[in-house]
Every structure is written in C-alpha cells, then in structure tokens.
Amino acid sequence: MSTEWQHQLREFVNTIDKLKQYVNLTLEEENFLGTTETIWGTTPYFAALMDPDDPTCPIRRQVIPSIKEQQNRYGMSNYLVWKENRATAEQRPDCIARQYYDRIAFTVTQSCANYCRHCFRKELVIDGNLDLDFDVNEGLDWIADHPEVRDVLVTGGDPFLLSDEKLEYLIRKLRELAHIEMIRFGTRLPIVLPHRITPGLKKIFSPYHHVPIWVNTQCNHPREITDMTAKAIFELLSCGVNVGNQAVLLKGINDDVDTFRALHQKLLTVRIRPYYVFYCEPAPGIDHFRTPLEKGAELIRDALRGHTTGLAQPMYVLATNIGKIPLMPDYYIIKMTEREYTLKNHKGQTTKITKIP
Ligand code: SF4
C-alpha cells in the first residue's frame with residue numbers, strides 16, 4: 001500500500017515545469033536548469049516552503065542549482081576520497097568510511113529526498129563522479145569482523161529512504177553484533193519529508209533495546225521547521241529515538257546573528273537538540289556557500305553563548321580527513337597568572353577564578 005511519503009517521492013520536483021508550480025523562476029535560474037546535467041530536486045512538501053518570488057530565499061537556494069556551481073576556486077577535486085580516507089592502506093568496502101578507531105560511517109544509499117546544493121558529498125550524490133558500490137551485506141560483514149567498532153553511523157544519501165523492510169534488516173543485523181553499542185542515522189527526511197516517520201517506521205525503532213538509535217538531521221534555517229516537523233520529531237522521540245541537528249553554516253542563509261539564533265531556538269521548540277554546526281566543507285563547486293572559517297565561532301559568541309539557553313548551543317566544527325576539529329570561540333580566558341584566571345563573558349564583563357596548581 002502506497003503511503004504519503006512514497007507519494008511525495010513519486011511527485012518529486014525535478015523538472016522545470018514542476019518547479020514552476022512552486023516558484024517564479026528567474027531567467028538565470030531557468031537558463032541554467034535548462035542546460036545543467038546536475039542531479040537536483042526536492043519533495044513537493046519542501047518545495048512548497050520556498051518563497052515563490054525571492055531567489056535569495058534560504059530554502060530555494062538549497063534546492064535550485066545555481067550557475068555559481070560551475071565556478072570552483074577553492075574546492076578540492078576528489079574531495080570525498082580525501083575526506084573519507086578512501087585512498088589509505090586499510091582495505092574496506094566502498095560503503096565503509098573511517099576516520100576514527102571505534103566508529104565508522106556506513107553508506108547505504110546514494111539517493112536523497114532533497115539534493116542540497118551545498119552537499120559535501122555532492123561528488124557522490126549529485127555529480128555522480130564516484131563509482132562506488134554500496135553493498136549493505138558487505139558492510140555488515142566488515143563491521144562484524146571489526147569488534148573495535150562500537151558505534152555505526154548509517155548515512156547516504158539518505159538512509160531513511162530505504163524501505164521499512166531494508167531498515168528493519170539493517171538495524172536487526174547491527175543489533176545482533178555484540179560489539180555495537182549504538183546506531184546513528186544521518187537523515188534529512190525529518191526536515192524535507194517528515195511524512196517518512198510512519199507507524200511502520202516507529203515499529204522498527206520501538207521495541208526497547210540496549211542498542212539505542214540516535215538520529216541527526218540537518219536543518220539550516222528556521223523556515224524549514226513546520227508543524228509537520230514537530231509532529232515527526234515527537235513521533236521519533238516517542239519510540240525512544242533521540243534527535244539532534246547538524247546544521248551547515250551557509251553564506252547568505254544562516255550566517256547572520258538573528259537567523260542563527262532563531263534557528264537554534266526554534267529547533268528546541270520542536271524538541272531537536274542542536275548538536276553540530278559544520279563549516280561548509282571545501283567540496284568542489286560550492287564556494288558561494290562558504291564563509292570565512294572564523295564566522296561560526298563569531299556566531300556562537302554573538303548569537304548563542306549567554307544570549308539563549310545552553311541547550312541551544314551546538315559545537316562548531318570543521319570536518320576533515322583526520323576527524324572533526326572544534327572551532328569554538330576562544331575569548332573566555334583573557335589573562336592567566338600563577339594564581340588566577342581572568343575570564344570574560346558575552347557582555348564583555350570580567351571575573352576572576354583561582355588557578356589550581
Ligand atoms: S540529504 Fe545529505 S547527502 Fe543528500 S544532498 Fe542533502 S546533504 Fe547531501
């Protein structure tokens with residue numbers, strides 16, 4: 001029986017004619033869409049959140065390809081091979097990416113429900129430059145042979161696009177491995193296709209189990225959050241699945257104080273815990289989304305720290321081939337003597353605390 005989420009995918013907005021049902025395209029947008037071979041598209045639900053008349057709309061810029069994607073001054077070619085350590089000596093199936101000893105990323109599909117224009121995996125999911133084979137059973141066998149792996153991040157593409165049967169199989173197989181302590185999913189579907197959180201999916205997650213499931217979604221602007229998002233997150237939480245957010249810092253979309261604060265406050269109103277803000281990675285063709293590296297730390301300092309609840313504070317990081325590098329603001333300790341620290345808060349006020357030898 002077809003459900004609403006499958007219907008949304010059947011009606012996927014990936015032609016100029018369909019897109020025109022949602023926005024009035026500019027000449028530049030329409031010309032580029034008419035010539036580009038890039039994969040693009042989104043769900044009718046997410047398309048309806050775009051501003052029909054504003055080409056700078058933060059949702060629209062994440063959905064509609066820009067001619068700027070053809071420029072590449074600062075992006076690294078073969079970025080994903082570098083980032084995911086695919087050229088190192090350890091033999092791994094294509095579906096396993098490793099940057100840490102005890103946790104791995106397990107790619108199970110190349111399909112997405114929104115082909116985000118800023119995606120760091122765009123060589124894989126959008127440009128189709130990488131010929132990789134994502135064999136789930138091969139990945140499960142590799143994980144079974146590596147007892148040091150405690151934590152599996154299931155990723156894609158978007159893993160929640162797998163059928164209930166495939167997800168149930170994957171989760172069951174991972175939970176059968178004695179060394180797996182937690183399963184994480186990276187999925188944008190709670191934001192771009194909240195209809196996916198169905199009773200059937202809840203049933204797969206639901207039974208109490210000592211191997212918890214964590215979901216991290218990606219929401220980059222407060223306008224991406226709707227009543228449907230709130231409902232989907234509540235449903236996930238009601239079956240024991242914790243939900244965090246991994247935003248990407250995007251120039252002109254969320255790199256100003258007001259938007260950055262509103263995003264993190266609104267996430268909490270729908271029970272999504274801000275987890276990371278990622279610097280927009282140097283994948284090719286996305287220079288136009290990238291800010292200076294310091295920008296995220298400035299925003300944490302000026303929009304969040306001291307300005308709103310501690311629950312709304314994500315970690316700002318740069319993801320690299322050697323793991324994530326935290327880039328948090330460093331203005332707190334302004335002086336240190338043998339006896340004491342002098343510390344500054346977000347208002348510029350200072351205080352002192354004794355130094356422990
Ligand atoms: S859903 Fe994730 S993998 Fe897919 S295009 Fe967006 S950021 Fe990339």
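**View 1. Strands β2 and β3 run parallel, joined by five bridges.** Strand β3 covers residues 151-155, and its L153 is the bridge partner of A105. This is a predicted model, in which local features need pLDDT of at least 70, side-chain atom pairs count only at pLDDT 80 or more, and totals for chains, interfaces and linings use all residues. Residues are numbered from 1 along each chain as its sequence is written. Strands (E, at least two residues) and helices (H or I, at least four) are DSSP runs numbered from the N terminus; two strands pair if DSSP finds at least two bridges between them.

**View 2. On to the hairpin: four residues link β1 to β2.** Here β1 (residues 96-98) and β2 (residues 103-107) run antiparallel, with three bridges between them. A97 has A105 of β2 as its bridge partner.

**View 3. Next, the residues around the ligand, among them C112, Y115, R121, D158 and Q218.** Each counts as near if its C-beta atom, placed from the backbone, lies within 6 Å of the molecule. The shell holds five nonpolar, four polar and three charged residues (Ala, Val, Leu, Ile, Met, Phe, Trp, Tyr, Cys and Pro are nonpolar; Asp, Glu, Lys and Arg charged; the others, Gly among them, polar).

**View 4. Finally, helices α13 (residues 257-269) and α14 (residues 295-304) cross at roughly 75°, their axes coming within 9 Å.** The axes are lines fitted to C-alpha atoms over the stretch in contact, with angles from 0 to 180 degrees between N-to-C directions. V257, F260, R261 and H264 of α13 meet L299, D302, A303 and L304 of α14, where contact puts C-beta atoms, placed from the backbone, within 7 Å.

Technical notes:
Two residues are in contact if their C-beta atoms, placed from the backbone, lie within 7 Å.
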